[in-house]
Amino acid sequence: MASSGFREKRKLAQKAEMLFKFEEKERYNNIKQILKKDPSLRNKEELQLISNSQEIVQEIEKRVQRQEQVKRRVEEVLDPCDVLNEKATVLAEAILNAKCLVVYTGAGVSTAASIPDYRGPEGIWTRLSRGEKLGSYNLADANPTLTHMSITKLYQEGLVKHVVSQNCDGLHVRSGLPPQALSEVHGNMFVEVCTECEENDTIYYRLFDVTENTCLRRHLTNRYCHCCGSQLRDSIVHFGEKGKLRWPLNWEGAIEKAKVADCILCLGSSLKVLKRYHALWGMNRVKSRRPNLYIVNLQWTPKDDLATLKISGRCDDVMKRVMDKLSLFVPQYERCRDSLFTLATPLRPHELNSFNTKGLNMFELDQFETPVCLTTESKTKEDSYNGLNAENDGSAVETATADSVAASGPQMQPGWFGKGYAKNKKSRKRRRVR
């Protein structure tokens, strides 16, 4: 009897608690609707309810302010042309005066190459959050942008000492930047690595996306090392993973240069991930000896308040103005001189059918290129290349466009594609079976 009485009391207490929460929620919603009204249209009862619920009113106002702040931070802002010119002049002077300039790049430097970013208004995660379907993106169709070529030129002139990139599109390497001057901290879609070689990890650059069959915590590419015969893996670092590869991540080079850097230039990055890498910012130094920070981005970043200068503009527009003020000629990208063709390791005969994605073609010219490279010698190479493709016409090596692939049926997304969005999805709680 005593146990049944205790059970009844517990049920009554639970019902009372649920009723109280329901009433509080109703009261909260009523006050929220009242606050949306014009003050002149509120009656005496509504004014009395507001005066007796000041805590709820303050909570609602704070929540509205936070929501408005989030919306402002997502908006893309462009500085006027005259302001952009003034800021570009300041940035050019900073680049000239810097003793050790380090550049940090994000997805914004590649949007001009028709590669979508992640957090922008039309970014991958933004579109996924709206429930939109994504198209088929093949990074082999993209070419280095003016920003990529400008960074390479600045490095060749000795003005940039090191580049830290969060992108896995490989465009920095393809623009001619030496791998030793680059830290691709989230990997490179054209690189696969053998981690079993005794002395050092063996790196293999490829002319196609090696992440076709890989994903979070599954990195094997179904190809094998030429030295030890072990399985190769991709170099991509997904959310929830720690990048342990030495190359192409090159954390040693990034941290070494960050220690002595007196100037940091951030291009096209929201810095929401990069800010967590404390070793890159020199914040452990005395305040007077910390590096000057320059940010070029359309959206708000968490480092804006610490920046010496924030430029709200597109990376290509800003870098074009900066290079003009430095009187430096930006070389035009030419596919036939792409550095990846020099770095790439050829596939062995039995590996030619190991991938389905479209690869880089040395003789595929886009609308911005001219056929100046197609000399008699290169024409002979082109014929032999086409002959090789003709031999493999029945194999899995495809060179179809993204539209034709999409039309033929569903296509597996590459391993780098949109994986970060999964962190925003909450796992559904399973109902306990009694």
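Guide: Let's start with a term: on a 1 Å grid over the protein atoms alone, a cavity is a set of points where a 1.4 Å probe fits but cannot get out, and lining residues have an atom within 4 Å of a point. A volume is the space filled by probe spheres set on the points, joined across faces, edges and corners. This is a predicted model, where local features need pLDDT of at least 70 and side-chain atom pairs pLDDT 80 or more, while totals for chains, interfaces and linings use all residues. Residues are numbered from 1 along each chain, and side-chain values use heavy atoms, without hydrogens and water.

Visitor: What volume does the largest cavity have?

Guide: About 30 Å³. A search of the whole structure finds one cavity of 30 Å³ or more.

Visitor: Which residues line the largest cavity?

Guide: They are F208, D209, V210, E212, N213, T221, R223, S354 and F355.

Visitor: At what angle do helix α4 and helix α9 pack?

Guide: Two packed helices are described by the angle and the distance between their axes. Helices α4 (residues 81-97) and α9 (residues 315-325) pack at about 55°, and their axes are 9 Å apart. Helices here are DSSP runs of H or I, at least four residues, and strands are E runs of at least two.

Visitor: Where is P248 found?

Guide: P248 is in the loop between β7 (231-234) and α8 (251-260). The peptide bond leading from W247 to P248 is cis, with omega near 5°. N250 also lies in the β7–α8 loop; although not a glycine, N250 has a positive phi of about 50°.

Conventions
On a 1 Å grid over the protein atoms alone, a cavity is a set of points where a 1.4 Å probe fits but cannot get out, and a pocket is an open set with protein on both sides within 12 Å along at least five of seven lines; lining residues have an atom within 4 Å of a point. Axes are lines fitted to C-alpha atoms, for helices over the stretch in contact, and angles run from 0 to 180 degrees between N-to-C directions.
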